Amino acid sequence: MVRQMAKRIDKIQLKCFRGATKPFVLEMDSQKHTVLIFGENGTGKSTIVDALDVCSNGGTGSLEEVSAGNHKHKFLESVGNTGELEVVLTSEGNDSVGRLKASGIVVSGPQHIPMVRVLRRSQILKVVNAEPKKRYEELRSFVSVPNIEQCEKTLSEALKAINRDHTEEVKARNDAEEKLRRFWASEGSSDGTPVNWASKRLKQVPAGLELEIKNLEAVIKNYGSLDEELVSFQETQGELEKSRKSLTKIQKDIKIKKDKKKEVDEALIELLQSASEYLGDNEKLESCPVCEQPIKAKALKKKIDERLELENELVTLLAKQKEAEAEVKESLSAEKESRKNITQSASKLLKATLEYQKAPNSVIKIKDSEFSQLGKEDAAKDSQTQLAKNLYAIVNKGSQALSKKMESNRKEKEQRSSVEIFLNSFQEKQEKSKELETTQKWLGKSLEILSGKRKQFVDEVLKDVSKTVKELYEKIHPGEPLGDFQLQLDERYQGSLDLKGRFGLAEDILPQAYYSESHLDSLGICVFLALAVKFKTDVVVLDDVFSSTDDPHIERFMDLLHELQSSFPQILLTTHYRPLLDRYRYERGPVGKIQLVELLVWSIGEGVRHTKSKLAVEELKINVDAVSMDRQVVGAKSGVVLESLLNHFSILYGLSLPVGKRPTLGNYFDAFSSKLKSKLTIEKMEDDGKTTKELKELKELIDKLNTFSWVRNQVGAHFDFSSLSDVVVKEFGQCVLNLAGLIACDECGALPKKNRSGSYFECHCSLTRLHPIQIPD
Amino acid sequence: MKNEAEEKLGPQIVEAIKASGLIDSKEAKVFEENLLTGKITAAHWRQYAEKAADRASKDGSTNG
């Protein structure tokens, strides 16, 4: 909903809304700036105010302050309601219609409805008496900037998140630095700082470290291989020796057997063995394959086997000899293979060793020339093996130093790797934390700007408002030692509004601690009005805000409201205070500017009802002009209006009246001095306010009224058994109307009472003047 | 719904934020719209700050 130009409310129509159990229509007089709705308690004032509030501002109006659960809007419907709730606000010919939905009152119609600001009696207490936080809540709609506050909140969150990130990065950086510090300390704490030391150390890359480790690994690996080959060679040699010994023994045994049995023909035995095997394989053979003579194969085999049995031992030995010879042959082959492997391993070890010993701090030194024959094919196999063994011996001698060196190199490598990781981590976190510091600064500065501007803005608004409050308050309570009100945000707490003032010489006091209830009421209303003046407000609604204020202050307050008509297009005032209504009915205020509405007694069957309040002079005129005049009514009403007018004179001129009793008309007339009467003059001005339109002395009329004053008592207040004619009564009434018509301003309807010029009294609009300003000497 | 106070305060903040260097002239319009509708998130603020830092480092400025 967008607020645009200022607007008035022309008509309110209610159906089934709160007290309006029957349709209610209130039309606003477009010529009157202020609407005064008078109603005794329970006649429907809050119903009308709530309708305006709910349609313009949402919510549930005065129900907001009632404990009625979360669905208070349900209670906006009239009790015993049988129809649909409807609120129609008419503004500039357009109707905005509010209906009750599940979420509350939903308004449809023109987009631009008047901005209505409502002040209730209960809010006054909160504005003035409440704690600073609650006071802020009450005035929040004026001074809050919710969207900007939301952005300020997210900015604050962003800053907090950055602070957290920064803390984590710094911690990680410090951890990395601490780890570097340990390495640095273990290395002697050189180069100033751990980071400098690490950077320098990583720059000084030992060129051969990786190569040396690689070569060392090759030496150690090939040394191990050669070691294994030598062990294996030793085993093959053992096997060879063992098989040779076995063969020698068998050969010796065969020799002994042969020596014992000289006729043994080894060749024959072999022949017989072969023949037996042959016959075994060819049992059906019928002739000898050598001599081709007929044979019986089975029988012949049997005969040969019997002969061989005789030579059995020898045969066995001969068989073993064959096996032993095969074993020797096998061992020789294995030995040869082993020698070959030894040579190969030794060659590799030699190569690795020669490569390794190029390192400046090599722990092994061999002469290449000593092993020049190693691996050469034409070299004798024993010398090759010996060279291998020599090489092995040299390396074996330095093997412990090699392992140590290897361990040391690996440690060096690992440490460098760790230092590199921690240094990189340190540098990365350092860079990141610096970036975050920069972001932190930007966000911090932005938060400072945003927060500062918001507070400055609100403070300026409050300062401005405070100034207006002071001005308004001094108009209601002129010359009193209270004042210099200051509304200010409490820097320590968000959404907290302090209210301070002056009491005599004491400054910066809490008004609620020193001021009377009526002063606090005035102050609360002034704060509200000042804010409404500062911020665009179309319709100001003051809902029964007077309770402890006395008549003179109400008088001044109403004058103040009339002065503020240029600030608001419309003011709506409700009251249960009858003197306020009568103030206008008897023309003590600018009745030409105010619409008087009087609410009638409420009932569930009739709902909220109202009637137009008539001015006292209007009522009198109706009765005077009546065809069938009620002489008692005319007599009584004339007396009351006359009394009101004379009372006005007595206040203006400080006329002496009896103390301790209610003055009579006679007392008022007696109080007029002849000097005053002779000078009393009404001056009516043209619209320019400078040219006199009419000048009328009042003496004659007052004297005439003085002669009629008994009519009031005789006809208007007592049983009348006289022959007084209606003509006299009517004339009395007409004279009172004449005086009222002369004194009351034709434009604003108010009696002259303001002393702005210092030389006459004038009405609210200054077009009617009363002379003199004081009783002549 | 925009409110009168925000419509008065918003431009003042935008000018001050622009003068600080957090946003540049091109970003000002969108920034103001988002400010007045409460749509600048924490992530947006961080982006603005990082971009501002980037601009400042390119300009050789120490602003911020």
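Just after helix 2 of chain B, Gly38(B) takes a positive phi of about 70 degrees. This is a predicted model, in which local features need pLDDT of at least 70, side-chain atom pairs count only at pLDDT 80 or more, and totals for chains, interfaces and linings use all residues. Residues are numbered from 1 along each chain as its sequence is written, while chains are lettered from A and ligands numbered from 1 in the order in which they are written.

A residue is buried if 20 or more other C-beta atoms, placed from the backbone, lie within 10 Å of its own, and exposed if 12 or fewer do.

| State in helix 2 of chain B | Residues |
|---|---|
| Buried | Phe31(B), Leu35(B), Leu36(B) |
| Exposed, on the face turned away from the buried side | Lys26(B), Lys29(B) |

The buried residues fall within an arc of 110 degrees seen down the helix axis, so they line one face of helix 2 of chain B; the arc is that of the directions from the axis to the C-beta atoms. Their cover includes helix 4 (146-186) of chain A and helix 1 (4-20) of chain B.

In chain A, the axes of helix 2 (residues 121-129) and helix 13 (residues 517-534) come within 8 Å and cross at roughly 90 degrees, the axes being lines fitted to C-alpha atoms over the stretch in contact. Helix 2 of chain A is therefore roughly perpendicular to helix 13 of chain A, a term for angles of 65 to 115 degrees.

Conventions. Helices (H or I, at least four residues) and strands (E, at least two) are DSSP runs, numbered from the N terminus. Two residues are in contact if their C-beta atoms, placed from the backbone, lie within 7 Å. Axes are lines fitted to C-alpha atoms, for helices over the stretch in contact, and angles run from 0 to 180 degrees between N-to-C directions. Angles under 35 degrees count as roughly parallel, over 145 as roughly antiparallel, 65 to 115 as roughly perpendicular and the rest as oblique.
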